[in-house]
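I opened this entry to keep track of what I looked up. The notes follow the order in which I went through it.

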Amino acid sequence: MEQSCWNTWSDRGFLINPNPLHSLRGIDTPLSTDITDHIESLGNQLTTLLHSGIIQSTFDQFPVYDMRPMRVLDSQFHIIEYLLMRYGFFASAYVYADPENPAKKLPAGIAVPLVQLSRFVERPPILTYASYILANWHVNNPQAGMTVDNMSIVQSFVGGEDEQGFILVHADIEARAAEALSGIKSAIQASKIGDMEAVIDGLYHISTSILDMMATFNRMTEKCNVEVYYHHIRPYIFGFNHVVYEGVAEFEGKPQSYRGQSGAQSSIIPALVAGLGLEHEQSALTQHLTVMHDYMPKPHREFITEMTQHNIRAFVMKNRKHADCRAAYNTSLESLLAFRRLHMTIAYRYVAEKVKNPVGTGGTLFMDWLKKLADETASQFA
């Protein structure tokens with residue numbers, strides 16, 4: 001299916017375009033209004049259902065709504081993404097209704113539509129970063145832009161300013177990355193025709209963009225309390241381990257396992273790493289990164305592949321004696337390294353210093369992984 005809503009945009013990077021829907025009211029779809037109203041009603045009540053302890057009993061009675069007719073909405077793919085976002089939240093809320101005792105099954109009313117929608121988007125049937133962050137926001141004032149202070153979220157688990165802040169800081173970072181993505185692409189294109197000035201300009205756009213991303217990232221503690229994140233938000237975004245998707249014929253009743261939504265499913269850093277031509281030693285961690293690509297929107301995976309096939313490093317190394325070119329490339333790497341070190345600092349504060357089990361929501365020993373990637377980045381200056 002066409003997924004043009006996931007193209008790479010000059011004003012928002014990898015964020016979905018058009019802006020995410022927050023309701024299907026007034027929008028013509030193959031589903032009846034009664035069905036879409038029911039889905040939205042449960043989405044809007046999700047926090048209440050979690051707090052009241054009746055979420056599992058409610059969704060055990062949830063009808064199985066057939067999503068196969070939605071396939072005709074090829075040119076309106078953002079509608080499919082909207083429904084997938086709702087069902088992804090339903091699934092994680094159901095499984096982790098009691099975080100200490102995760103459910104080992106998803107009722108058919110969630111499982112069947114979730115799998116159908118996931119097949120359309122070519123991503124695993126679980127809440128991914130694309131649904132949790134990239135397609136879960138709306139702009140409050142259209143004149144003020146896509147910033148953490150001018151956006152709200154569509155769907156949440158526990159509700160409140162902290163969960164909203166956690167999601168929107170990430171969304172803001174994605175928007176700030178637009179300049180970096182345009183910069184690496186233009187630098188690569190310029191290198192093909194030997195336009196040194198344009199190469200240098202594109203590389204400096206990367207570092208400028210990353211500094212803006214870091215400015216937003218540094219606001220995480222302002223927007224999301226550490227304790228609230230760890231105790232009330234994080235429990236709902238882990239992966240599924242051996243969960244039976246009831247009613248899904250193709251699974252034949254066999255338990256399924258999927259990775260939890262994670263920043264590793266953001267395409268920004270993989271795209272820049274690929275475009276800059278950086279290489280990382282093959283390990284279980286890099287294999288995890290490869291798996292994470294499957295959780296990204298297909299056009300984002302294709303963008304990363306394009307960057308891998310036509311990166312800028314060979315051009316820079318060939319022109320190492322050109323001081324301005326070398327400086328521009330190294331400045332980009334310095335900015336990327338600074339971002340990775342900031343990520344380590346925030347990850348340590350929000351998770352690592354609080355937990356004996358060092359496994360992150362994506363299922364890895366994330367602090368070891370982040371340090372290794374930072375060290376390897378630091379070894380590849382031109």
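Leaving aside neighbours within four places in sequence, which residues is Phe59 in contact with? I found Leu42, Leu46, Leu49, Phe90, Tyr94, Pro107 and Ile110, where contact means heavy atoms within 4.5 Å.

Before going on I noted the ground rules. This is a predicted model, in which local features need pLDDT of at least 70 and side-chain atom pairs count only at pLDDT 80 or more, while totals for chains, interfaces and linings use all residues. Residues are numbered from 1 along each chain as its sequence is written, and side-chain values use heavy atoms, with hydrogens and water left out.

Whole chain. I noted 16 helices and five strands in the protein chain; these are DSSP runs numbered from the N terminus, helices being H or I of at least four residues and strands E of at least two. The radius of gyration is 21 Å, close to the 21 Å that the globule rule gives for 382 residues, so the chain is as compact as a globular protein of that length. The radius is taken over C-alpha atoms, and the rule is 2.2 Å times the number of residues to the power 0.38. Buried residues make up 55% of the 382; buried means under 20% relative accessible area, exposed over 50%, and partly exposed in between, with a 1.4 Å probe and protein chains only.

Core. I looked up the largest nonpolar core, which has 135 residues. Such a core is a set of buried Ala, Val, Leu, Ile, Met, Phe, Trp, Tyr and Cys residues joined through side-chain atoms within 4.5 Å. Phe59 and Tyr132 are among the members that touch the most others. Helix α3 gives the most to this core, with 14 residues.

Rings. I counted 18 aromatic pairs. Rings of Phe, Tyr and Trp (its six-membered ring) pair if their centres lie within 6.5 Å; planes under 30 degrees apart count as stacked, over 60 as edge-to-face and the rest as tilted. Phe89 and Tyr132 have ring centres 5.7 Å apart and planes at 35 degrees, so this pair is tilted. Phe89 lies in helix α3 (residues 77-95) and Tyr132 in helix α5, 43 residues apart. Phe89 is buried at 0%, and Tyr132 is buried at 0% too.

Ser131. I found Ser131 in helix α5 (residues 129-134), and at 1% relative accessibility Ser131 counts as buried. Beyond four places in sequence, the contacts of Ser131 include Phe89 and Arg123.
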